[in-house]
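Please look through the sequence and the model before reading on.

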Amino acid sequence: MIQEAPGFAPPTVAPRTRKTPWQRLWRDPLARAGLIVLAILYISSGLADPIAPYSMYFNDPDVANAPPTPVHWQDDNGHQTWPYVHPVERHFDPMTFRQTYFEKTDQSLPIRLFIKGEDYRILGIIPGDIHLFGVEAPARLFLLGSDINGRDNLSRLFFGAQKSLTIGFLGLFIAFPIGIVYGGISGFVGGLVDNMMMRVAEAVMSIPSFYLLIGLAAILPAGMTSSERFALITVILSLIGWAGLARVIRGMVLSIREEEFVLAARAAGLPEFVNIVKHVIPQTASFLIVAATLQVPSFILSESGLSFIGLGIQQPDASWGNMLKAALDNVNDLLNQPWLIAPGVLIFITILCFNTVGDVLRDVLDPKTQGTG
Amino acid sequence: MRALLLCLLAFSLAACTQRDTAGPPQASPTTMVAGAQNGGVAATAIVNFPNPGPFKLVEVNDPRYGKMECWQGRGESGQFGGTFRVSTFGGGPKTFNPWVASDVESSGLGLLLFEKLVDIDAWTGQPYPRLAKSISISPDKREYTITLRQGLKWSDGKPITADDVVFTFATIVARGYGNSSLRDTLSVYGKYPEVSKVDDLTVKFRTAVPFSPFLKMLPNVPIAPKHVVEPITKRPMEAFQGFWDINSDPKSLVVSGRFMLDRYVPGQRIELVRNPNYAMVDKQGRRLPYLDRFVYAIVPDQNTMILKFLGNELDFLDVRAVRGSDAAFMKQKEQSGNFRLYNLGPDDGTTFLILNMTRREDPKSKKPYVNPLKQKWFNNQYFRQAVSHAINRQRMIDNVLRGVGIPLYTPETIASLYFNKKLKPYPQELDTAAKLLEQGGFTKRGDRLYDSEGHPVEFTLHTNAGNSTRDGVCVMIADELKKLGMKVNYQAIDFNTLIDKTNQSLDWEAIVMGLSGSKTEPQDGANVWKSDGRLHMFDQRLPNEQGKVIVTDAREWEKRIDRLFDLAATSFDEKKRHEYFDEFEEIVYNQLPFIYLYSILDITAARNTIGNYTPTPLGVFYTPLGSLHNLEEIYFKKARQ
Amino acid sequence: MSIPVYILKRVLQAIPLLIIISIMSFIMLKLAPIDPLAYLRANPAISAQAIKAEEERLGLNKPPVVQYFIWLSNLVRGDLGVSTTGGSVFLLLMQRAGNTLLLSILTIFFTWMIALPAGVWAAVNRGQWVDKFFGIFTTIGMSMPTFLMALLLLMAALATRLLPIGGLTSPDFFERDFLGQALDLAQHLVIPVTVLTFIGLAGIQRQVRGNLLDVLRAEYVRTARAKGLPEDKVIYRHALRNAINPLITLFGFEFAALLSGAALTETVLAYPGLGRLTLEAVLTKDMNLVMAALMLGAVMLIMGNLLADILLKLVDPRITLE
């Protein structure tokens with residue numbers, strides 16, 4: 001990955017084994033924590049179907065806007081027992097306008113592990129119907145309460161993770177190739193073409209990105225399915241991110257063109273293009289990796305910003321952004337319903353982890369810190 | 001008065017179904033409550049301030065102008081002084097010119113600045129003279145002789161005379177300066193009334209045929225100061241748009257209302273100051289309004305408004321500010337915030353589901369607007385009735401409005417003077433729905449519903465994006481229709497796109513939307529119910545190349561509704577008018593071109609330091625006037641600076 | 001090349017850029033299959049003729065290319081047109097831009113005032129608790145969504161009743177004396193400035209720290225140390241001057257970004273700024289307003305870059321402007 005400068009000897013007394021960047025990353029406690037949390041988030045979002053007690057669309061309209069289901073650990077005599085819940089009932093007091101949920105304590109239903117629930121297909125492929133935990137009807141296990149339609153917030157957080165977490169990477173897979181190819185060609189060809197191409201890139205960069213984002217999102221035609229919309233939003237996010245990258249790549253290509261080893265390779269008869277690719281990629285690799293790690297959170301933020309205004313992922317699909325929007329509708333009562341903030345907290349944690357890992361990665365891959373004491 | 005009794009009757013009937021909600025935390029296993037709480041909120045005390053009777057005319061001697069005929073306030077005597085702070089949400093008014101105003105916010109500002117010739121009484125919902133002192137109607141019901149009060153002055157001291165009235169109606173409105181809808185609301189069969197001056201204080205209107213809603217439509221038009229506005233009308237019409245626009249000097253406006261425009265802080269606030277020439281007095285003969293200043297802040301949404309109110313930056317929250325989801329929270333804060341919530345009963349707006357019943361082809365593309373398969377379903381009365389019976393309205397209210405709303409089955413809101421109380425509400429009845437579908441030729445096989453030709457029933461449901469309430473409603477409808485075997489694909493789209501679909505492209509299948517209405521005059525909805533109406537959404541006829549709307553395929557009941565509206569418009573017999581509108585509502589109840597869902601409750605919040613706040617269900621206007629129908633008498637119990 | 005000539009050159013270069021931007025924005029807006037008059041159409045009180053009149057007034061029924069050139073020719077004459085809401089676009093922008101500018105300037109001021117010393121402090125004490133503290137602080141700042149933070153602060157304001165909720169001025173603003181007005185403005189600005197500073201501060205502090213660390217490792221610094229210069233002279237006289245360079249470029253971006261970037265924060269806090277105005281305009285497809293706001297944003301970005309380049313030249317004599 002990183003080219004070792006030939007003939008370099010570390011000026012330390014005792015010889016040390018050089019650690020790979022990965023090992024150095026892992027040794028840093030913050031980065032390690034970040035990686036672990038990210039792994040947990042991604043794996044649990046991938047396995048959302050079996051882990052979450054309910055599916056994304058499941059709803060019980062009689063138990064809407066409910067607070068988290070109280071879980072009981074003690075029986076009537078005060079002894080420790082296997083956790084159980086009661087079914088709830090909604091009452092409305094016309095004097096205070098308040099809806100309250102009362103537990104129907106005559107029925108107790110235990111929390112079951114590996115309970116048979118709704119059918120699903122993990123990642124659309126593997127069928128199953130066992131859920132990690134849950135309760136039988138008519139009780140509901142809404143650990144983070146339910147939303148306006150009676151859907152389980154906790155389950156939807158898992159499914160929302162699927163959208164919000166993947167959009168970051170998917171956007172990357174589109175933006176980066178575009179940026180690299182665009183910048184590469186521009187730097188490679190040079191001259192007037194280079195000039196024109198860079199002007200366009202600058203123009204894109206000069207439009208305030210947020211407005212570009214909502215402008216593009218607002219263009220999306222109405223009759224799309226949610227997955228089509230998801231794909232198009234990903235594309236839009238990438239269209240925002242490629243220009244800056246293109247400029248950097250172009251600069252690198254331009255400088256590399258004149259480097260000695262390129263001239264040498266040219267003299268040896270290698271086609272120009274292969275030449276550049278062979279030399280550009282390694283040089284820019286570390287930059288690209290760090291840039292990627294730090295671009296993903298920006299995509300996640302953009303998506304949540306979009307959904308927040310209502311232009312991103314739409315109901316009834318869940319994404320952290322549009323779930324947070326629901327919290328905003330109840331901002332006055334937020335102190336009484338703090339669980340509504342959960343999507344925001346998750347967004348924050350995810351971005352935090354990416355940034356932490358990215359930081360350490362940058363230090364780790366920084367050639368200046370390689371091999372110094 | 002009668003309306004109030006009707007309302008009380010309706011609500012006490014509903015209250016009889018109310019369950020005892022004060023039960024202990026442990027309910028018995030058999031009492032699952034969904035639906036039975038309906039009576040709850042309907043039985044909550046709706047404001048019931050006693051009707052003080054009509055205004056009294058008194059003669060006042062103004063030191064500057066001499067004799068002035070003033071109305072006497074009907075509330076208690078209050079104290080002078082103070083700044084009343086309220087808020088509206090949105091972007092703020094677009095113009096200061098009330099004749100150009102086409103949006104609610106600009107019209108709302110106009111209500112504060114300009115007095116009406118004739119206004120609607122907050123208790124009875126009937127028209128009464130406001131700038132005028134008397135109205136007389138000729139025996140043939142076509143002529144209205146309206147006499148102004150003596151001695152009235154504009155805010156710049158010039159007299160308000162019949163010239164101003166004639167100028168307003170014969171020039172501004174008749175010729176279509178500004179918002180040409182004003183002309184339409186006053187016209188019957190497309191004919192605008194003749195306006196003539198009888199003497200300095202008297203005006204005569206002559207309608208082409210007897211037009212009974214005429215007096216109720218007059219309040220739509222503020223009277224203009226001829227000496228200021230006439231010069232502009234001599235210029236090309238576009239100049240009028242720019243007259244008194246949002247960038248003009250606020251102090252340059254010449255008004256007749258309780259307040260004058262003092263300052264406009266763009267995007268933030270509008271400040272109004274007392275109009276010293278306002279011709280109303282209190283019971284002690286002192287000139288109103290009591291308040292020195294009236295200030296309203298422009299905020300982006302309701303949440304901010306509530307936060308500001310609780311943070312003591314506002315004194316009052318008008319209708320639409322306290323939503324269902326806010327009601328419980330606000331009620332809780334009454335003590336600590338030193339305010340009270342007032343329940344004004346059901347709002348005049350409606351929320352509904354419509355199915356696209358258009359059967360025509362797009363003349364440009366020669367393709368039918370709606371898939372012919374689906375046309376058959378939507379035009380099948382059994383289908384629509386089944387859909388209506390499958391919806392659980394009470395549960396919808398419980399979920400999206402947190403219980404603070406009333407189910408609706410008719411085009412007239414329950415609070416309307418013309419509400420047909422014979423039309424019975426019905427709860428969700430899936431069995432009835434299934435039977436209706438069978439009668440309609442549909443069969444359910446397994447999970448799916450098939451029409452008589454074997455096609456599975458599937459359609460798309462739209463509503464505007466970004467609105468959690470509509471969203472919640474659509475998800476519930478899709479779920480409930482699924483139980484009947486229908487596959488409903490719900491998609492939220494941008495508001496602009498939605499309007500484009502309903503107004504131009506007609507490319508939609510089912511939509512959930514809302515419209516504002518009127519509690520006092522169903523004729524207000526003519527645009528919606530007439531077959532050629534601009535908002536005849538379930539079967540929108542579009543104007544042809546020449547801009548005319550020609551209706552070729554009206555159904556029998558559509559034609560009947562057209563006829564009923566025409567009859568009601570030209571009949572002065574109140575009893576007959578009620579019959580006409582009752583029949584219209586019954587047709588809609590059975591035919592269900594609009595499947596109504598619910599009405600929200602109008603809840604306001606006022607600090608306990610505010611005096612003379614006596615809101616009524618019928619006295620609700622565009623905010624910021626809102627429920628402050630007697631704004632001139634509002635005062636602070638201890639004058640606040 | 002002297003500075004005034006350089007400025008002129010850059011301005012001329014900027015013109016084609018602005019034209020490209022305007023075309024791109026225009027295309028984007030026109031592609032949206034919507035209708036700025038949707039709100040009018042949905043209002044039962046408005047007649048069909050009234051709507052048609054509005055269409056005429058806004059020129060909406062002409063082909064797009066024609067509309068673009070109409071807009072362009074108006075722009076050159078200084079007429080930014082009329083918004084679909086009725087006001088003059090120019091006045092609307094000026095009013096709101098002033099507010100956003102106030103917010104931006106205060107934010108930039110506080111951001112740099114905190115970030116510079118903090119970055120230096122952290123770099124000089126690399127690895128110690130100060131550095132770690134700022135590391136965590138800035139990581140949180142970079143990870144927090146602006147609208148979330150604005151919301152939390154709003155709730156805190158409500159709970160403590162210390163600060164006003166949203167907006168820029170109180171209802172009795174104009175009745176106050178100068179000091180009262182200043183205080184009122186300050187109170188209303190606390191929350192927005194805090195949100196934007198906290199988040200902006202993170203990036204700058206890290207840059208300062210990073211650059212200073214790079215510079216401190218450089219040859220000439222070792223030379224200075226070897227010469228026996230006291231450490232603080234080394235840092236402040238030599239290292240910092242050089243570490244500043246990349247930051248000036250950042251400054252240019254920040255300036256432009258702030259004028260347009262705070263849209264969500266402004267929306268949550270009901271702050272009457274340019275960001276919120278533009279956001280609403282895009283959502284309602286208010287063509288004239290959006291075009292003007294986008295152009296304004298682009299102009300600010302270009303100006304910011306220009307400013308940064310000139311500052312760079314002033315600070316570092318080695319840099320030549322070509």
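## Around one leucine of the core

In this predicted model, B:L317 is in contact with B:M305, B:I306, B:F309, B:V322, B:T604 and B:A605, once its neighbours within four places in sequence are left aside. B:L317 also belongs to the largest nonpolar core, a set of 317 residues in which B:L317, B:I354, B:I477, B:L597, C:A150, C:L154 and C:A293 touch the most other members. The element that gives the most to this core is helix α8 of chain C, residues 178–216, with 13 residues.

## Chain B as a whole

Chain B has 20 helices and 25 strands. Its radius of gyration is 26 Å, close to the 26 Å that the globule rule gives for 641 residues, and chain B is therefore as compact as a globular protein of that length. Along the principal axes, the C-alpha trace of chain B spans about 85 × 65 × 45 Å. Of the 641 residues of this chain, 56% count as buried, and among its contacts between residues at least 6 apart in sequence, 70% join residues at least 24 apart.

## A helix with a buried side

Which residues of helix α15 of chain B are buried? In this helix, which covers residues 430–439, they are B:A433, B:L436 and B:L437. These residues cover an arc of only 100° around the axis, which puts them on the same side of α15(B). They pack against α13 (381–390) and β19 (448–450) of chain B. Just after α15(B), B:G441 takes a positive phi of about 95°.

## Strands and their partners

Strands of a sheet pair through backbone hydrogen bonds, either parallel or antiparallel. In chain B, three strands form an open sheet in the order β1-β2-β12, and the pairing is mixed. Strands β1 (56–62) and β12 (280–281) of chain B stand at the edges with a single partner strand each, so one side of each is left without a neighbour in the sheet. Strand β2 of chain B, residues 66–72, is joined to β12(B) by two bridges, and these two strands run parallel.

A second pairing in chain B is that of β6 (residues 132–137) with β7 (residues 143–148), which is antiparallel and has five bridges. The hairpin of β6(B) and β7(B) has five residues between the strands, and B:K141 there takes a positive phi near 60°. The table lists one pair of opposite residues for each of these two pairings.

| Residue | Stands opposite | Strand of the opposite residue |
|---|---|---|
| B:W71 | B:M280 | β12(B) |
| B:I137 | B:Y144 | β7(B) |

## Where chains B and A touch

The contact takes 42 residues from chain B and 36 residues from chain A. On the side of chain B that touches chain A, at least two residues each are supplied by α2 (38–42), α9 (302–310), α10 (324–332), α14 (393–400), α16 (468–483) and β21 (487–493) of chain B. By class, this side of chain B has 21 nonpolar, 13 polar and eight charged residues.

## A phenylalanine in chain A

A:F176 is found in helix α4 of chain A, residues 153–189. Is A:F176 buried or partly exposed? With 19 other C-beta atoms within 10 Å, A:F176 is partly exposed, because a residue counts as buried at 20 or more. Not counting residues up to four places away in sequence, A:F176 touches A:L245 and A:A292. The C-alpha atoms of A:F176 and A:L288 are separated by 8.6 Å, although these residues are 112 residues apart along the chain.

Methods: Residues numbered from 1 in each chain as written. Chains lettered and ligands numbered in written order. Predicted model: local features only at pLDDT ≥ 70, side-chain atom pairs only at ≥ 80, totals over all residues. Helix = DSSP H or I, 4+ residues; strand = E, 2+ residues; numbered from the N terminus. Rg over C-alpha atoms; globule rule 2.2 N^0.38 Å. Buried ≥ 20, exposed ≤ 12 C-beta atoms within 10 Å, placed from the backbone. Contact = placed C-beta atoms within 7 Å. Arc of directions from axis to C-beta. Nonpolar A, V, L, I, M, F, W, Y, C, P; charged D, E, K, R; others polar. Pairing = 2+ DSSP bridges. Core = buried A, V, L, I, M, F, W, Y, C linked by C-beta atoms within 7 Å.
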